[in-house]
Amino acid sequence: MSVQGVQALVRRTHEARVLRVLREHGALSRGQIATAAGLSRTTLSEITGDLLSRGAVVVVDTDHHRRAGSGRPAELLTLDPSSGQFLGVDIGHTRVRIAVADAAHDIIAAGHAKYGPDLDRGQRVEVAFALIDRVAARTGVSFRALQGVGVGVAGPWPAAPDLAGMFGERFGAPVIVDNNTRFAGLAEAITDGPDVHDVMYVRLSDGIGGGLVVGGRLVAGAGGAAGEFGHVTAQPGGDPCRCGKRGCLETVASIPAVLRSCARRGLALATVQELEAALGRGAPVAAEVLDAATAAVGRVVAVAALVLNPAQIVIGGRLPRSAPAFVRRVEETVAGELCPAGGPRPAIRAARLGDGDGALGAIAALFRQTPLLDGYPEPVR
């Protein structure tokens, strides 16, 4: 790491201490913050000066009511509860989700909006902007001190270079753009703590994607397409996929694909909620279609596991949550496909985070306080 990189890391560490103290104790004087954070007055002055200029903290009062002497009252500083410092956006195939974090990395606002699958990228961004405005109006959150925007987009992120410009122009802040499912994988991997080294994440929803942590690093791949499980062929000669191929996993195990398969067999379902209801009442067609989708996912995941040898496989997204046995069935398929001589089998678990995982991962990428992002692209300024 360069000298500048070390200095930036030290500064972020000092800032994190100050923010943690303010989050835990509320309004404090600079002297109290310096003592609690274990920082010199000079360092503390630099950190708080920057936080004040960014709008991350505010002066709320002085300690005149606590003082017995005649000295000058000390200002009390606290986190600004309405200052959005980091914005995470997850632009999927049929919905957008956002999350807003304050300077202490706490989520202070969130929201989502739906749209049709035929909207182009520009229209989806406009829906995202409108959602951000509504959330700000509803919660009172301000973006005047925004430090960064993380934007996750469905599909390989190099196909969306315009997004950084659009969000940068709108918010006047650094922007990082990546695949939304890779951001979701980052968010899930972080929940396992600092010792994460080899994790494979798969998300099944309106589309299918994934994220890879290899050797303790989040991997984007040479073209930004690492983890595109949805476009691995699962059914040769099968249905056409939006990528131009046929029989991709997405044509078998995404929510639209499962609903389409049910309809072909005489069970008309319009939404994933109706699929859940059908499974709940034991509809044979729904169960059989989901079994076929689960088996396809298991085979694709098993092939990837043979190549990558992950320690852990995480299955997330709306479709697995519709059926409690989904992850277990994937685990059974993977167990049957893996080579017995390949060492310990990977642990397979359901994702812990909800549909907001992509937006949360985008914010985590802005924080850059995890070794999973060592060497990862910095936000575009």
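Contact here means heavy atoms within 4.5 Å. The model shown in these views is predicted.

**View 1. Helix 12 and the elements packed against its buried residues.** Helix 12 (residues 326-337) has 12 residues and spans 17 Å from its first C-alpha to its last, close to the 16 Å expected at 1.5 Å a residue. Phe 326, Val 327, Val 330 and Val 334 are buried in this helix. They lie on the same side of helix 12, because the arc they cover around the axis is only 90°. The packing partners of the buried residues of helix 12 are strand 9 (199-204), helix 10 (284-308), strand 12 (312-316), helix 11 (318-322) and strand 13 (347-350).

**View 2. Strand 4 (residues 86-91), with six of its six residues buried.** Strand 4 is therefore largely enclosed by the rest of the structure. Phe 86, Gly 88 and Asp 90 point one way from the strand, whereas Leu 87, Val 89 and Ile 91 point the other way.

**View 3. Strand 4 and its pairing with strand 5 and strand 7.** Strand 5 (residues 95-101) pairs with strand 4 in the antiparallel sense over six bridges, and a hairpin of three residues joins strand 4 to strand 5. Ala 99 in strand 5 stands opposite Gly 88. Strand 7 (residues 148-153) runs parallel to strand 4 and is joined to it by six bridges; Val 153 in strand 7 is the bridge partner of Ile 91.

**View 4. Arg 170 in helix 5 (residues 162-171).** Arg 170 is partly exposed, at a relative accessible area of 36%. Beyond its neighbours within four places in sequence, Arg 170 is in contact with Phe 129 and Asp 133. Phe 129 is 41 residues from Arg 170 in sequence and 8.7 Å from it in space, C-alpha to C-alpha.

Technical notes
Residues numbered from 1 in each chain as written. Predicted model: local features only at pLDDT ≥ 70, side-chain atom pairs only at ≥ 80, totals over all residues. Heavy atoms only, no water. Helix = DSSP H or I, 4+ residues; strand = E, 2+ residues; numbered from the N terminus. Buried < 20%, exposed > 50% of the residue type's maximum accessible area, 1.4 Å probe, protein only. Expected span 1.5 Å × (residues − 1). Arc of directions from axis to C-beta. Pairing = 2+ DSSP bridges.
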